[in-house]
Amino acid sequence: MVACAEAEAPSRQLLLRLLDAAGRCGRGVLFALEDAEHLDDASWRVLAGLVPLLLRRRVLVVVTFAGEFSPPWLSQEHVRLYRLRRLSHVAAVRLARSAGVGGRRAGVVAALGDGVPLFVIEQGLHGHAAAARQARARPPPRWLVDFFTAMLDRQGEAAATARAAAVIGVEFSAELLAAICGGGRPRLHRHLRQLTAAGLLIRCGRRYRFAYRLLHRTAWQMLTERARTGLRRKLATARRRAR
């Protein structure tokens with residue numbers, strides 16, 4: 001399987017090598033491209049030119065996109081469009097169990113997830129204290145960590161603000177975050193609005209919290225040890241002054 005980073009354009013040479021590899025190994029190749037609605041026009045032209053080459057080859061290309069976007073090659077005979085709906089309760093229970101949730105609690109987690117796969121896994125890993133202990137004992141799925149990493153990376157400069165907030169905790173105040181972030185309050189509040197609009201943060205009155213605990217952990221892990229140490233020192237100083 002070859003996974004392309006979200007919203008990055010695969011080169012024609014890379015895709016042709018994949019096709020050649022599929023022909024040589026005889027086992028087939030899976031190529032995944034996520035959030036394709038963010039690709040630029042040049043990238044779409046590369047994909048559109050290669051889609052006809054996939055006919056009668058052992059290659060499966062999975063392209064995901066949201067909204068009403070419609071790729072130009074949907075009418076080709078070897079292309080299929082699948083619209084993903086919310087999970088049924090039975091499917092959500094199976095997904096919760098795959099995330100390590102056992103017994104009757106799998107049904108509770110499935111209901112809390114409201115049919116959204118990401119929410120089901122989040123509830124399963126972090127919804128309760130028992131699940132949190134279990135999550136620490138076994139790492140979360142790598143694809144989910146990669147998903148949150150890509151979400152943060154797409155935020156540009158605001159990603160640095162999210163990473164700094166992770167040092168404070170899952171929930172934090174804008175005032176305390178301003179004390180450890182540079183760039184001034186207007187810039188900070190602009191970043192907070194951007195992160196909230198992207199669904200990464202949730203505003204609770206005058207405070208904010210990460211939408212998912214795993215997102216908080218991912219933001220924390222994206223920091224270098226040196227950056228964490230520096231932010232911790234600033235945080236300790238800010239808390240002493242606030243007393």
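Arg 207 is partly exposed, with 35% relative accessible area (between the limits for buried, under 20%, and exposed, over 50%; 1.4 Å probe, protein chains only). The model is predicted: local features need pLDDT of at least 70, side-chain atom pairs count only at pLDDT 80 or more, and totals for chains, interfaces and linings use all residues. Residues are numbered from 1 along each chain as its sequence is written, and side-chain values use heavy atoms, with hydrogens and water left out. A search of the whole structure gives five salt bridges, a salt bridge being a side-chain nitrogen of Lys or Arg within 4 Å of a carboxyl oxygen of Asp or Glu.

**Salt bridge Arg 207 to Glu 171**

- The side chains of Arg 207 and Glu 171 form a salt bridge with an N to O distance of 2.9 Å.
- Arg 207 belongs to strand β6 (residues 207–210) and Glu 171 to strand β4 (residues 171–173), so this pair ties together parts that are 36 residues apart in sequence; helices (H or I, at least four residues) and strands (E, at least two) are DSSP runs, numbered from the N terminus.
- Glu 171 is partly exposed, at 38% relative accessibility.

**Salt bridge Arg 187 to Glu 157**

- Arg 187 and Glu 157 meet through their side chains in a salt bridge at 3.9 Å, N to O.
- Since Arg 187 lies in helix α10 (residues 185–197) and Glu 157 in the loop between α7 (142–153) and α8 (158–168), the pair ties together parts that are 30 residues apart in sequence.
- Glu 157 is exposed, with a relative accessible area of 54%, whereas Arg 187 is partly exposed at 26%.

- A salt bridge joins the side chains of Arg 228 and Glu 225 at 3.4 Å, N to O.
- Arg 228 and Glu 225 are three residues apart in helix α12 (residues 225–242), a separation of about one helical turn.
- Arg 228 is buried, with a relative accessible area of 13%, while Glu 225 is partly exposed at 47%.
- A network of salt bridges links Glu 225, Arg 228 and Arg 232.

**Strands β2 and β3**

- Four of the five residues in strand β2 (residues 29–33) are buried, leaving the strand mostly covered.
- Strand β2 pairs with strand β3 (residues 59–63) in the parallel sense over five bridges, where pairing requires that DSSP finds at least two bridges between two strands.
- Val 29 has Val 59 in β3 as its bridge partner.
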